[in-house]
Amino acid sequence: MGALYTFCDHVLMHDQPHPRRFGLPTATALVMGNIIGGGIFLLPASVAPFGTLSLLAFGILTLGAIALALVFGRLAERDPSTGGPYVHARAAFGDFAGFLSAWSYWTMTWVSNAALAVAAVGYVHVLLPGHDSKGANLAVALLALWLPALANLAGTRWVGAVQLVSTVLKFIPLLFVAVVGLFFFDPHNLGSFNEGGGSALGGLSAAAAILLYSYVGVESASMSAGEVRDPERNVGRASVLGTVGAAVVYLLGTVSVFGTVAHRDLVDSTAPFSDAVDAMFGGGWGGTLIALAAVVSIVGALNGWTLMSAQAPYAAARDGLFPAAFATKRRGVPTFGVIVGVLLASLLTVVNYTSGSSGLFEILVLITTFSATVPYLLASGAQLYFLLSGRREEVRTGRFVRDLVLALAGFGFSFWLVAGAGYAAVYQGVLFLFAGVLVYVWMAARRTSRAGADDITEAADVTAVGPAVAADSTA
């Protein structure tokens, strides 16, 4: 048992409570900042071909996302530990399910961080035209990855500060377009309700498939619950407030763009928010403003997702399901996990710009599309398990029916995410998920051999001590 005690002492030494925890505003900004990345700036154009039916799809998805946020809040009341979905999946279904949750989430974070960094390059070109080369693009992408990583390595105080500032800076221009655009709203710019011309249900499903991943990040406060002040209360609040805040920006922004840019132009737009600003005020400065907001938005998202990339393996490492180095924590941040995550994202980014083909990059992005759903499904399933397995006291009996409905809604939303990912994403994602089984086997074998060695050592100690005790008693 000596090795186990040493490991526990090491973990506890780096996981003592520290005064710089996230308050409710910072936790809310973490959720909102992780949900709102760079995709919002193309979202209105992406769903415009389906007509205003897409707004209905958005509304339905928002309800599902809020239900999932409430599920994470309820689970945090039961166990407010860092690792969120992983912690709850392991508590309900055992080590293997917990490992699959942590492995999937970890994979999703560092691959999606590489995708965000590549997306930032395009917006930087709008701000600084004339520097389009592979070397310059790679340098910008790596800078976008490492600046947030350095903020994370500086500790939770810097993570929280960057997250608050970036969320406010990107929220203001987006909300400006969303609110001011309503005063320039022209119903004649709208397309028909079902622009595709097929069945309304088919159009609704098609629009939802594009919009489904708009709310990935709703679990961010739960994932960092150990760093949130009063997590039993604030994780749920931050999850809901962050999701609702993102939904307001999404819905109002999309409505405003729909009403200010003619539908025939919006369908082919590559910068819908910029086109909306130009339509409202004239000139060409809208593109620069929105590009700046997009860069800030992506950097803020990278700041939050860099922390997320370290939290799941940190929690799993504490339980011996990931290498012990991932449990190292400094200033409230799992530093080893941050470094590994940013190195892997950097490697993928380098491959993207130097291989001459984006095939590998696209496959990995497909993997993240599916990987994001696995922790959601397992966490929602865990809540259902706790409710239905006779352990209702852990989720507050008085709210049983409401919690059951929310858990079913969260599970349905998560299942819809899987369906919307598409066959290719599910196929590639399942292959990578099963590849993680090898890591689990390796870690399980190490735990078993270590436990066996400790038992032998203890038995030898007892054998050696026995005769000495007998001799003392005889004397």
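A salt bridge here is a side-chain nitrogen of Lys or Arg within 4 Å of a carboxyl oxygen of Asp or Glu. The pair links distant parts of the chain, with Arg 74 in helix α4 (residues 53-78) and Asp 403 in helix α18, 329 residues apart. Helices (H or I, at least four residues) and strands (E, at least two) are DSSP runs, numbered from the N terminus. Arg 74 counts as buried at 12% relative accessibility, and Asp 403 is buried too, with a relative accessible area of 1%. Buried means under 20% relative accessible area, exposed over 50%, and partly exposed in between (1.4 Å probe, protein chains only).

A word on the model itself: it is predicted, so local features need pLDDT of at least 70 and side-chain atom pairs count only at pLDDT 80 or more, while totals for chains, interfaces and linings use all residues. Residues are numbered from 1 along each chain as its sequence is written, and side-chain values use heavy atoms, with hydrogens and water left out.

## A network of charges

Side chains of opposite charge can pair when their charged atoms come close. How many salt bridges does the count come to? The count comes to six. One of them joins the side chains of Arg 90 and Asp 319, at 3.5 Å from N to O. Arg 90 lies in helix α5 (residues 85-93) and Asp 319 in the loop between α14 and α15, so this pair ties together parts that are 229 residues apart in sequence. Arg 90 is partly exposed, with a relative accessible area of 29%, and Asp 319 is partly exposed at 28%.

Another salt bridge is formed by Arg 447 and Asp 95, whose closest N and O atoms are 3.7 Å apart. This pair also links distant parts of the chain: Arg 447 is in helix α19 (residues 423-474) and Asp 95 in helix α6, 352 residues apart. Arg 447 is partly exposed, with a relative accessible area of 26%, and Asp 95 counts as partly exposed at 25% relative accessibility. Salt bridges that share partners join Arg 90, Asp 95, Asp 319 and Arg 447 into one network.

## The largest pocket

Grid points are joined across faces, edges and corners, and a volume is the space filled by probe spheres set on the points.

The largest pocket has a volume of about 1,000 Å³. It is lined by 31 residues, of which Gly 38, Gly 39, Ala 115, Leu 116 and Tyr 213 lie nearest its centre. Elements giving two or more residues to this lining include α2 (24-35), α9 (200-211) and α16 (359-371), and the largest share, seven residues, comes from α6. By class, the lining has 21 nonpolar, 10 polar and no charged residues. In this classification Ala, Val, Leu, Ile, Met, Phe, Trp, Tyr, Cys and Pro count as nonpolar, Asp, Glu, Lys and Arg as charged, and the others, Gly among them, as polar.

Asn 113, found in helix α6, counts as buried at 3% relative accessibility. Leaving aside residues up to four places away in sequence, Asn 113 touches Leu 145, Leu 302, Trp 305, Thr 306 and Ala 345. Contact means heavy atoms within 4.5 Å.

## The nonpolar core

A nonpolar core is a set of buried Ala, Val, Leu, Ile, Met, Phe, Trp, Tyr and Cys residues joined through side-chain atoms within 4.5 Å. The largest one has 124 residues, and those with the most contacts inside it are Ile 36, Ile 40, Phe 41, Tyr 215, Tyr 250, Trp 305 and Phe 322. Not counting residues up to four places away in sequence, Ile 40 touches Leu 174, Val 249, Tyr 250 and Phe 273.

Methods
1 Å grid on protein atoms, 1.4 Å probe; cavity = no way out; pocket = protein on both sides within 12 Å on 5 of 7 lines; lining within 4 Å.
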